[in-house]
Amino acid sequence: MPSETTNPAADPASAPSVGTHCTITINDIAFGGEGVGRIEDFVAFVPFVLVGETVEVEITEVKKRFARARLLRVLQAAPGRVQPPCRYFGDCGGCQYQHIDYPVQLQLKHKQVCDLFQRIGGFDARVIAPVVPCPQPYGYRNRIMIRSQWDKFKQGLNIGFIRADNRLVVDIDECKIAEPALNEQILHVRAHPPPKGGIKVVLRVAPENWEVPRDSFFQNNFFLLPGLVEAARECLRGSGARFLVDLYCGVGFFGIELAGLVEAFAGVELDQLAIKAAVRNAAARNCRNGEFLTGRAEDLLPALLNRFPPSATSVLVDPPRVGCFPDSLALLRRTRPKQIIYISCHPATMARDLNILCAEGVFELAHVIPLDMFPQTAHLECVADLRLKPGPHSD
Ligand SMILES: C[S@@+](CC[C@H](N)C(=O)[O-])C[C@H]1O[C@@H](n2cnc3c(N)ncnc32)[C@H](O)[C@@H]1O
């Protein structure tokens with residue numbers, strides 16, 4: 001994401017103006033998917049490009065220290081460029097990387113995570129493992145939200161996703177990254193359209209053997225789910241912890257999957273319906289060593305860290321994109337559990353929180369496993385293994 005500190009040396013006199021066409025070379029792809037190039041000493045951000053490419057762009061927005069541009073033509077393509085299979089790619093805001101060959105996407109995401117962890121967290125990139133690929137890079141999403149919007153020019157509804165360059169809805173009749181069953185549902189919605197614009201319709205494929213209430217969270221990609229569980233399991237097994245606290249537990253996914261490795265576990269979640277489903281999900285698997293509590297992680301964590309001995313406890317956190325509540329981080333630093341397994345789909349807030357946990361050598365970042373749960377998009381899941389550093393408080 002560009003920020004006001006992107007290019008402190010920019011000379012306002014050299015600022016390009018909106019509408020200008022320029023030729024630029026792409027030096028980097030920032031996290032989020034925008035290519036980074038230069039127009040004299042001005043940084044320009046342009047989507048749908050690759051490192052090393054020379055492209056013709058049109059300036060669409062000029063800020064004090066950077067500009068945004070729209071791709072007009074690729075003059076010299078990078079070897080990793082491929083033909084995007086989706087006809088809406090570039091218009092639809094859902095995918096950012098369909099023009100990039102899948103192995104190159106994985107390398108790109110690895111570099112982006114390394115850069116973020118170095119810049120925001122101050123971590124050595126060597127702790128970051130290669131990105132685990134998704135066995136199915138298209139047709140994998142099990143949940144999508146489509147919107148309706150009245151289009152006054154065509155005097156009809158647009159039904160689809162938010163556009164890449166503004167908040168209007170692009171009319172679509174298929175999504176290449178969605179599971180085939182969702183594409184059938186899209187056609188059904190189009191055949192029976194909502195009565196007006198401004199309506200959101202959530203389409204989903206329910207996971208097998210998991211009860212998930214309609215509005216509760218579940219991981220978006222079934223194909224890499226075994227890989228995600230295996231990454232968390234490896235972390236927990238390596239620590240030898242006997243107790244597990246699963247914060248932000250949703251319908252109990254990680255706690256239940258990892259229950260066999262510990263004597264007892266507790267899951268905490270704000271969504272009461274998800275907690276009720278978690279109890280039933282555990283019972284359906286005959287999983288009896290766990291309990292599930294409704295409440296805010298930051299409120300319930302102190303009591304749990306009183307009950308489970310920190311020196312034998314692993315705390316798994318899988319917070320929303322904003323990251324952990326600062327009080328919870330402070331408490332984890334104070335109570336010093338043996339291990340923290342931090343899982344997140346937002347590497348920037350994750351790197352920030354890990355930096356807080358590791359400050360003054362309290363925890364050490366042993367390794368990070370990035371997993372490509374969201375192929376063709378700029379998103380990525382990471383599992384981090386933090387261990388308590390030996391010291392006066394660790395026994
Ligand atoms: C990224 S999801 C993870 C869910 C679960 N770990 C899974 O893999 O299915 C984050 C979850 O945190 C819950 N949540 C958000 N804020 C919370 C809070 N302050 N305390 C507890 N849970 C919270 C949300 O309801 C959501 O279920």
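The structure is a predicted model, in which local features need pLDDT of at least 70 and side-chain atom pairs count only at pLDDT 80 or more, while totals for chains, interfaces and linings use all residues. Residues are numbered from 1 along each chain as its sequence is written, and side-chain values use heavy atoms, with hydrogens and water left out. Helices (H or I, at least four residues) and strands (E, at least two) are DSSP runs, numbered from the N terminus.

**Strand pairing**

- The link from S4 to S5 is a hairpin of 3 residues.

**Domains**

- The domain assignment divides the protein chain into domain 1 (1-81), domain 2 (105-134 + 217-394) and domain 3 (143-204); such bounds come from an automatic or database domain assignment.
- The centres of domain 2 and domain 3, taken over C-alpha atoms, are separated by 34 Å.

**Nonpolar cores**

- A nonpolar core is a set of buried Ala, Val, Leu, Ile, Met, Phe, Trp, Tyr and Cys residues joined through side-chain atoms within 4.5 Å. Buried means under 20% relative accessible area, exposed over 50%, and partly exposed in between (1.4 Å probe, protein chains only).
- The largest nonpolar core holds 104 residues, of which Phe117, Leu247, Tyr342, Leu354, Leu357, Leu365 and Leu386 touch the most other members.
- Helix H3 (residues 225-239) supplies the largest share of this core, with 7 residues.
- Because domain 2 and domain 3 both give residues to this core, it lies between them.
- Another core, of 20 residues, lies apart from it and includes Ile29, Ile39, Val55 and Ala67.

**Packing of H7 and H8**

- Helix H7 (residues 326-335) and helix H8 (residues 347-358) have axes that come within 9 Å and cross at roughly 30°. Axes are lines fitted to C-alpha atoms, for helices over the stretch in contact, and angles run from 0 to 180 degrees between N-to-C directions.
- The crossing of H7 and H8 is right-handed, a term used if the near helix is turned clockwise from the far one by less than a right angle.
- H7 makes the contact (heavy atoms within 4.5 Å) through Leu329, Leu332 and Arg333, and H8 through Asp353, Ile356, Leu357 and Cys358.

**Loop residues**

- Asn209, in the loop between strand S9 (200-204) and H3, has a positive phi of about 70° although it is not a glycine. Asn209 is exposed, with a relative accessible area of 63%.
- Glu360, in the loop between H8 and strand S15 (363-371), likewise is not a glycine but has a positive phi, of about 55°. Its relative accessible area of 75% makes Glu360 exposed.
- Phe223 is also placed in the loop between S9 and H3 and is partly exposed, at 29% relative accessible area.
- Not counting residues up to four places away in sequence, Phe223 touches Cys134, Pro135, Gln136, Gly139, Tyr140 and Glu179.
- Phe223 and Leu50 are 173 residues apart along the chain, and their C-alpha atoms are separated by 27 Å.

Terms used
Pairing = 2+ DSSP bridges.
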